[in-house]
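Have the viewer open as you read.

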Amino acid sequence: MAKAIAKKAEEAGYPKNSCIVCHGGNPATKHKNKAHKGTIKYFLKHAGPKEFYPAPGSPWINKNTCGMCHKEQVEAQFNNLMMTEQGKIHGVLYSFGGLEGYEHTMANYDAKNPKDPHARLGTKVYQEYMQKLKSFNPQVYPDANKQIPPAPTAEEATKHPELAAYTYLRNQCLRCHTGSKGRQKRGDYRGIGCASCHIPYSNSGFYEGKDKTIPHNKAGHLLVHEIQASRNSVVHVADINYTGVPTKTCSTCHNRGKRIGVSYEGMMETKYNPTFDEEGKSQPKLHTKNYIHLKDDIHRRKGMLCQDCHTTRDLHGDGFISGATLGPVEIECQDCHGTTKQYPWELPLGYSDEFATKPAEGKARGVSKTLAKYLSKGTHYKAQDGYLLTARGNPYKNVVRKGDDVIVHLASGKDITLHPLKKLKQEEKISKKGLVAMDQISAHNDKMECYTCHDTWVPQCYGCHVKVDYSKGQKSVDWLASAHDHDLHGTTAQMRGTLREHLIDGKVTETRSYLRWENPPLVQNGEGRVSPAMPGCQVVITVIGKDGKAVQQNHVNMMKDYKHPNSKKKLPGIVMAAVHSHTVQKEARECESCHSNPQAMGYGIEGGKVFSDQTQDWNVGLKTADGKMIAKKFIIQKPRIDNFGIDWSRFVDENGTELQTVDNHWNLAGALSNEQRAKLDRRGVCLSCHQEIPKGNLAVSAMTHIAEMADVKIDTKEHNKILHKIVNLSAWIQIILVVFMVLFLFYIFYRLFIKKRSINPRNRGWK
């Protein structure tokens with residue numbers, strides 16, 4: 001990376017001053033102010049002046065900096081989901097009353113797709129694939145975006161409390177997008193635009209490099225003045241050298257919502273603050289939260305960074321608008337691991353990414369021997385027997401086939417040899433339990449995501465209680481407006497220290513009902529596959545008007561059924577979302593955690609029978625036997641919630657009626673159907689046998705008596721052996737009975753028709 005920049009400086013005639021390539025300015029003077037204020041002629045093929053850019057990664061000017069070498073990625077950035085944040089915006093607007101219906105056109109900025117569909121970055125196969133996906137879910141792949149409205153005044157929000165959605169978005173949800181530097185607090189320090197990922201920042205935001213012009217004792221600065229990218233870009237921090245983009249860089253943003261960044265690192269937020277340091281101090285807050293450390297993802301334990309799986313189109317975008325996270329992500333687990341019956345290159349394109357309820361079919365996808373020209377600019381590797389293809393038809397530039405193995409070249413410099421599942425099966429290296437789940441039960445592969453079993457924990461934040469308070473002249477920062485306020489140097493209001501110019505009416509407070517991580521429920525995701533789920537945005541809204549009184553109190557909006565507009569039903573705007581939590585473990589969930597668990601089916605924790613009716617106030621105090629409050633002066637302990645009286649974790653009933661919204665983005669997403677839940681539900685299986693034991697028919701009673709007399713110890717192992725014998729014996733008996741019945745019927749047919757005809761005197765000439 002440094003060599004490439006130095007080469008550009010040499011081309012410009014400044015071989016000893018490569019700073020100008022990124023930062024511009026006037027290198028013809030040694031006076032700092034003149035150097036930073038002056039301009040030089042743009043030294044490449046572009047016409048016009050080159051300004052001084054203190055933050056060259058800023059999206060507002062990076063076409064003049066990063067775009068000199070990385071034109072395609074820079075041109076794609078404004079339609080990238082990390083910039084538009086459409087999915088996040090749509091989720092909030094849905095909860096606050098469905099303010100854009102089922103569409104995904106509201107975004108951080110006005111933008112539109114290129115007119116030519118072939119301008120989409122990727123192979124021709126990929127371009128055609130994405131056009132097909134757009135036809136399946138046009139609401140998630142719009143042709144244009146429009147910027148969300150401004151935040152309301154206190155007076156407007158008092159009259160129309162649903163407008164508080166824009167205050168909530170602008171103050172809380174939209175501070176992470178790559179058009180700004182985000183909230184500068186512990187764990188949230190990062191750059192802007194390209195620098196959001198490609199410039200290292202520590203949790204504390206202190207500079208640790210050798211540049212004396214950058215203060216070492218003031219938070220808010222990069223860690224070192226170097227670029228982190230691929231394995232060919234080495235970053236030096238004191239005695240540590242590293243390559244690639246650390247996962248902590250990604251989690252500066254990916255710690256809210258689906259929380260995939262911190263979950264990948266094994267971090268789960270908690271209300272408490274264990275443990276204590278050597279001075280007895282509690283855990284320092286990170287992203288303004290406390291954490292416990294659970295099992296991190298196995299890919300992380302193998303040394304894999306986010307960029308080792310996610311492709312350049314996943315991260316930078318392909319130049320076209322995608323309104324929710326399933327939209328731009330082109331990879332699937334099977335792209336590298338395959339299945340127990342097919343190597344990755346033997347699978348058809350679209351496998352596990354069908355956006356249909358049947359597995360993809362077709363010819364083997366094969367491999368690619370070539371890469372697109374723009375991909376060849378960055379770090380790439382020898383094709384060996386070919387670059388593996390993603391489910392959508394693009395080659396991985398860091399994942400290649402070598403015989404029956406897969407070689408994954410990590411950005412950290414490490415190479416991993418991955419043995420696909422089919423090879424592991426042939427070598428008898430898959431456990432009996434794994435073979436049953438993956439090989440014998442074909443529906444698991446064909447209708448489920450791999451991570452449905454292998455994401456063994458999922459962060460579940462139930463009940464998101466949001467208060468927007470417009471009383472007493474309270475103000476908060478409009479992070480989106482501050483990013484829009486950028487100058488010709490690419491610096492935003494936040495970077496110039498003028499955030500006070502972008503204060504809006506209202507103060508946002510968030511809290512929750514409770515947190516959970518184990519046994520996530522199951523739903524059908526937008527790809528048509530069974531997936532784990534988590535509360536997406538279970539928003540309960542309280543809006544305090546200008547006079548200090550609630551104009552909405554603990555309110556849940558009842559929503560039209562946008563997916564099925566003719567159904568005339570309404571659902572609470574409390575959303576469960578399908579998720580890949582990025583907590584993959586080698587050892588999967590136990591079968592019983594799904595097949596014997598009402599929560600997995602969507603019926604709620606303990607079948608949704610724990611919570612009382614939440615639409616009623618809850619009072620605590622001296623009460624009569626029939627529940628009347630005795631004291632006249634009391635405060636309601638827990639005020640009621642409008643329109644939502646059930647358990648937070650219960651989103652479908654036993655008849656198949658949805659009780660919450662399950663995914664507000666994709667057509668196919670929803671709670672499991674009656675048929676799916678019937679196949680999943682194996683509760684009460686014990687009763688199938690034990691209703692006869694110990695006092696059943698004569699044979700069962702005799703066998704039970706013999707077992708008692710022999711003092712047989714039946715533990716789990718012995719129990720499984722007995723069941724295995726029963727299943728085999730039952731199967732053989734039934735097969736023998738079927739064969740016997742067929743032979744018996746044939747015998748009857750023979751006796752009645754063939755033999756009788758052969759001995760009939762009239763038919764003696766026929767034999």
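This is a predicted model: local features need pLDDT of at least 70, side-chain atom pairs count only at pLDDT 80 or more; totals for chains, interfaces and linings use all residues.

Let's start with a strand pair: β11 (residues 395-402) and β12 (residues 405-409) run antiparallel and are joined by four bridges.

Now for two serines in loops. Serine 180 lies in the loop between α9 (164-171) and α10, while serine 204 is in the loop between α10 (195-198) and β6 (235-237). Is serine 180 buried or exposed? Serine 180 counts as buried, because its relative accessibility is 0%, and the cut-off for buried is under 20%. Its side chain reaches the backbone nitrogen of glycine 182 at 3.2 Å. Beyond its neighbours within four places in sequence, serine 180 is in contact with Arg175, Arg190, Gly191, Ile192, Ala483 and Gln494.

Serine 204, by contrast, has 32% relative accessibility and so counts as partly exposed. Leaving out neighbours within four places in sequence, serine 204 is in contact with Arg186, Tyr189 and Ala219. For a sense of scale, take serine 204 and proline 639: they are 435 residues apart along the chain, and their C-alpha atoms are separated by 39 Å.

What about the cysteines? The structure holds zero disulfides. Cysteine 306 is in no disulfide, and the nearest cysteine sulfur, from cysteine 250, is 3.6 Å away. For cysteine 591, the closest cysteine sulfur is that of cysteine 453 at 7.7 Å, which is too far for a bond. A disulfide would need the two sulfur atoms within 2.5 Å.

Here are the accessibility values for the residues picked out above:

| Residue | Relative accessibility | Class |
|---|---|---|
| Serine 180 | 0% | buried |
| Serine 204 | 32% | partly exposed |
| Cysteine 306 | 21% | partly exposed |
| Cysteine 591 | 44% | partly exposed |

Further along, there's a helix to look at. Helix α27 (residues 698-709) has twelve residues, and from its first C-alpha to its last it reaches 16 Å, close to the 16 Å expected at 1.5 Å a residue. After α27 comes aspartate 711, which has a positive phi, near 55 degrees.

Finally, zoom out to the whole thing. How many helices and strands are there in the protein chain? The count is 28 helices and 25 strands. The C-alpha atoms of the chain fill a box of roughly 125 × 80 × 60 Å, taken along the principal axes. Of the 767 residues in the protein chain, 47% are buried. As for contacts between residues at least 6 apart in sequence, 64% of them join residues at least 24 apart.

Notes. Residues are numbered from 1 along each chain as its sequence is written. Side-chain values use heavy atoms; hydrogens and water are left out. Buried means under 20% relative accessible area, exposed over 50%, partly exposed in between (1.4 Å probe, protein chains only). Contact means heavy atoms within 4.5 Å. Two strands pair if DSSP finds at least two bridges between them. The expected span of a helix is 1.5 Å times one less than its number of residues. A polar contact is a pair of N or O atoms within 3.5 Å; within protein, one must be able to donate a hydrogen and the other to accept it, and residues adjacent in sequence count only if both atoms are side-chain atoms.
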